Amino acid sequence: GPTIQGILQKLKPEAVYAHAWDGRRGLTLVVNAPDGAMLPSLAEPFWLHLGARVEAVPVMNAEELAIGLSRLG
């Protein structure tokens, strides 16, 4: 309860979804991370305070996809 609320207040995710995941409690957070170097700082509070398993799935919007595809050459 309070631990998760504190972490969420610091991370300020765009959206939070609570659900069952692999037979356990799960949270899916949508967080704006401009670069991959932010991932450790986003995951660390969950590891330290909750002993949680963390999986990061980078996603992009249509504009970011178009930019990435244009870089393919």
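**Overall architecture and principal pocket of the predicted model**

Of the 73 residues in the protein chain, 12% count as buried, where buried denotes under 20% relative accessible area, exposed over 50% and partly exposed in between, with a 1.4 Å probe and protein chains only. The structure is a predicted model, in which local features need pLDDT of at least 70 and side-chain atom pairs count only at pLDDT 80 or more, while totals for chains, interfaces and linings use all residues. Residues are numbered from 1 along each chain as its sequence is written, and side-chain values use heavy atoms, with hydrogens and water left out.

The protein chain contains 3 helices and 2 strands, these being DSSP runs numbered from the N terminus (helices, H or I, at least four residues; strands, E, at least two). Along the sequence, their order is α-β-β-α-α. The radius of gyration of the protein chain is 15 Å, whereas a compact globule of 73 residues would have a value near 11 Å; the radius is taken over C-alpha atoms, and the globule rule is 2.2 Å times the number of residues to the power 0.38. Taken along the principal axes, the box filled by the C-alpha atoms is roughly 45 × 25 × 20 Å.

The accessible surface of the protein chain amounts to about 6100 Å², with 57% belonging to carbon and sulfur atoms. Accessible areas come from the Shrake-Rupley method with a 1.4 Å probe, and for residues only the protein chains shown count as cover. Among contacts (heavy atoms within 4.5 Å) between residues at least 6 apart in sequence, 25% join residues at least 24 apart.

The largest pocket has a volume of about 1500 Å³. A pocket is defined, on a 1 Å grid over the protein atoms alone, as an open set of points where a 1.4 Å probe fits, with protein on both sides within 12 Å along at least five of seven lines; lining residues have an atom within 4 Å of a point. Grid points are joined across faces, edges and corners, and the volume is the space filled by probe spheres set on the points. The largest pocket is lined by 38 residues, of which L29, V54, E55, A56 and V57 lie nearest its centre. Two or more lining residues are given by each of α1 (2-11), β1 (15-21), β2 (24-30) and α2 (39-50). Strand β2 provides the largest share, 7 residues. By residue class, the lining comprises 23 nonpolar, 7 polar and 8 charged residues; Ala, Val, Leu, Ile, Met, Phe, Trp, Tyr, Cys and Pro count as nonpolar, Asp, Glu, Lys and Arg as charged, and the others, Gly among them, as polar.

V57 is located in the loop between α2 and α3 (62-70) and is exposed, at 61% relative accessibility. The C-alpha atoms of V57 and V30 are 9.8 Å apart, with a sequence separation of 27 residues. V30 is also one of the residues touched by A15, together with T28 and L29, when residues up to four places away in sequence are not counted. A15 belongs to strand β1; between A15 and A66, 51 residues apart in sequence, the C-alpha distance is 24 Å.

Two loop residues have positive phi values. Most residues other than glycine have a negative phi. K12, in the loop between α1 and β1, has a phi near 50 degrees and is exposed, with a relative accessible area of 65%. D22, in the loop between β1 and β2, has a phi near 55 degrees and is likewise exposed, at 63%.
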